[in-house]
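Subject: Structure for your review

Hello,

Here is the structure, with the sequence alongside. My notes on what was found follow below.

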Amino acid sequence: MWKKIRIVILLLILAKVAQFTWLDKGVLEWKKNLYVAVYPVNVSGSAEVSAYLQSLNKDDFEPLTQYFAAEAKQYQLNIHRPFEFQLGGEVKEIPPVPPSDGHILNTMLWSLKFRYFAWNNSPKVSVPPDIRLYLLYYDPTTHPQLSHSTALNKGRIGRINLFAAKAYAKQNLVIVGHELLHTLNATDKYDLNSNLPLYPDGFAEPDKAPRYPQGYAEIMGGRIPLSEVLAKIPEDLSRTLIGEKTAQEIGWLKEVKNQ
């Protein structure tokens with residue numbers, strides 16, 4: 001009897017997983033625009049960060065909407081605004097921290113915990129979101145360096161580390177844009193050890209001659225290549241492009257030309 005019950009429960013779980021997988025793939029057909037809910041989190045717990053979060057409004061994320069609209073136009077996507085951003089209420093809990101050891105079982109367990117967290121910490125927005133991004137804001141005066149952000153395709157969720165200061169607002173949007181594309185299957189295109197963009201997919205202008213310096217960053221490459229050993233972080237979205245490989249990964253381009 002208990003064996004049959006366990007089998008039924010397992011089948012239900014597998015059916016649910018299959019449903020979510022189908023939904024994740026379905027949105028990449030780009031038959032409609034996607035709604036993105038961004039939820040601020042005061043990680044530092046300071047009054048300064050709290051004040052910054054209170055100053056945020058939906059218009060602060062409009063440059064992202066316009067950026068993706070302009071990039072989509074380059075790939076003849078038949079959607080005027082691929083993404084619509086909604087500012088959700090502040091989330092008081094902090095999303096679970098990803099494992100540092102890279103062990104596959106620990107990573108899988110963290111993924112499940114993060115999805116469970118998102119299920120429990122998604123304040124309502126006007127339109128049910130397709131993607132949920134948790135923006136973890138730090139006080140730059142007490143936390144001058146940020147660890148890597150993380151986003152998952154499964155569940156379409158992201159955990160993004162940002163600075164709570166107007167001086168970093170434009171650069172914050174670059175990070176948000178990068179992690180958003182991770183939720184849609186885009187892969188990193190930089191060397192994890194050196195942080196240098198990988199040629200050719202991590203270059204915004206791979207055919208440029210001479211190759212260096214590049215004028216833009218490929219958004220998943222993360223930096224503007226200046227030489228074989230030097231690259232800089234783009235100041236804002238206007239210094240980034242979505243390359244062909246990334247466009248293919250997120251469903252904007254069917255084929256990538258041979259490099």
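**Confidence**

This is a predicted model. Its mean pLDDT over the protein is 91, and 88% of the residues score at least 70.

Five strands make up an open sheet with mixed pairing, in the order S2-S1-S3-S5-S4. S2 and S4 (150-152) are the edge strands, each pairing on one side only. On average, neighbouring strands of this sheet are turned by 25° against each other, direction ignored.

Taking the pairs in turn, S1 and S2 run parallel and are joined by five bridges. Within that pairing, Gln86 in S2 stands opposite Ala37.

Two helices pack on the sheet. H2 (residues 47-55) touches S1, S3 and S5, and its direction makes about 155° with that of S1. H5 touches S1, S2, S3, S4 and S5, with its direction at about 165° to that of S5.

**Strand S3**

S3 covers residues 131-138. Seven of its eight residues are buried, so the strand is largely enclosed by the rest of the structure. S3 runs parallel to S1 (residues 34-42), with seven bridges between them; here Val38 has Leu133 in S3 as its bridge partner. S3 also pairs with S5 (residues 157-163), in the parallel sense and over seven bridges. In that pairing, Arg132 is partnered by Ile157 in S5.

**Helix H3**

The buried residues in H3 are Leu64, Thr65, Tyr67, Phe68, Ala69, Glu71 and Ala72. As background, an α-helix has 3.6 residues a turn, so residues three or four places apart point the same way. The buried residues of H3 pack against strand S2 (83-87), helix H5 (169-182) and strand S9 (240-241). S2 is also an edge strand of the sheet described above, and H5 is one of the helices that pack on that sheet.

Just after H3, Gln76 takes a positive phi of about 55°.

Regards

Key:
Residues are numbered from 1 along each chain as its sequence is written. This is a predicted model: local features need pLDDT of at least 70, side-chain atom pairs count only at pLDDT 80 or more; totals for chains, interfaces and linings use all residues. Side-chain values use heavy atoms; hydrogens and water are left out. Buried means under 20% relative accessible area, exposed over 50%, partly exposed in between (1.4 Å probe, protein chains only). Helices (H or I, at least four residues) and strands (E, at least two) are DSSP runs, numbered from the N terminus. Contact means heavy atoms within 4.5 Å. Two strands pair if DSSP finds at least two bridges between them. pLDDT is the predictor's confidence in each residue, from 0 to 100. Axes are lines fitted to C-alpha atoms, for helices over the stretch in contact, and angles run from 0 to 180 degrees between N-to-C directions.
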